[in-house]
Amino acid sequence: MNFFEFWNQYKWRILSVALGIVFAMLLFTIGFWKTLLLFVIVGAAFFIGTLLDEGGRGRVGDFFRSLFTKNK
């Protein structure tokens with residue numbers, strides 16, 4: 001079995017373990033609340049990046065306008 005066959009068969013296990021190791025290292029080095037804040041910031045950046053990919057700056061503006069306007 002070569003690397004690519006191994007990767008295709010077990011890629012989600014490998015990625016999950018790698019993310020678990022990174023999460024544990026962050027918890028032990030910077031603490032729970034800083035790790036949580038880091039994930040929130042990264043999640044928000046990912047969300048804004050997705051909006052930019054889908055519709056450019058106008059899509060981001062539309063999203064924030066929809067957050068701060070009252071719907072009747």
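User: Which residue forms a salt bridge with Arg-65?

Analyst: This is a predicted model. Side chains of opposite charge can pair when their charged atoms come close. The closest N and O atoms of the pair are 2.8 Å apart, and the cut-off for a salt bridge is 4 Å. Arg-65 therefore forms a salt bridge, and its partner is Asp-62.

User: Is Asp-62 buried, partly exposed or exposed?

Analyst: Asp-62 has a relative accessible area of 44%. Buried means under 20% and exposed means over 50%, so Asp-62 is partly exposed.

User: How are H1 and H2 oriented to each other?

Analyst: Helix H1 covers residues 3–30 and helix H2 residues 32–68, with their axes 7 Å apart. They pack at an angle of about 130°. Angles over 145 degrees count as roughly antiparallel and 65 to 115 as roughly perpendicular, so H1 and H2 are oblique.

User: Which residues of H1 and H2 make the contact?

Analyst: By class, the contact has seven nonpolar, one polar and one charged residues. H2 contributes Phe-32, Lys-34, Thr-35, Leu-38 and Phe-39. From H1 come Phe-23, Leu-26, Leu-27 and Ile-30.

User: How far is the backbone oxygen of Leu-26 from a polar atom of the side chain of Thr-35?

Analyst: Thr-35 is in helix H2 and is buried, with a relative accessible area of 1%. Thr-35 touches Phe-23, Leu-26, Leu-27 and Ile-30, leaving aside residues up to four places away in sequence. From the backbone oxygen of Leu-26 to the polar side-chain atom of Thr-35 the distance is 3.3 Å.

Methods:
Residues are numbered from 1 along each chain as its sequence is written. This is a predicted model: local features need pLDDT of at least 70, side-chain atom pairs count only at pLDDT 80 or more; totals for chains, interfaces and linings use all residues. Side-chain values use heavy atoms; hydrogens and water are left out. Axes are lines fitted to C-alpha atoms, for helices over the stretch in contact, and angles run from 0 to 180 degrees between N-to-C directions. Helices (H or I, at least four residues) and strands (E, at least two) are DSSP runs, numbered from the N terminus. Angles under 35 degrees count as roughly parallel, over 145 as roughly antiparallel, 65 to 115 as roughly perpendicular and the rest as oblique. Contact means heavy atoms within 4.5 Å. Ala, Val, Leu, Ile, Met, Phe, Trp, Tyr, Cys and Pro count as nonpolar, Asp, Glu, Lys and Arg as charged, and the others, Gly among them, as polar. Buried means under 20% relative accessible area, exposed over 50%, partly exposed in between (1.4 Å probe, protein chains only). A polar contact is a pair of N or O atoms within 3.5 Å; within protein, one must be able to donate a hydrogen and the other to accept it, and residues adjacent in sequence count only if both atoms are side-chain atoms. A salt bridge is a side-chain nitrogen of Lys or Arg within 4 Å of a carboxyl oxygen of Asp or Glu.
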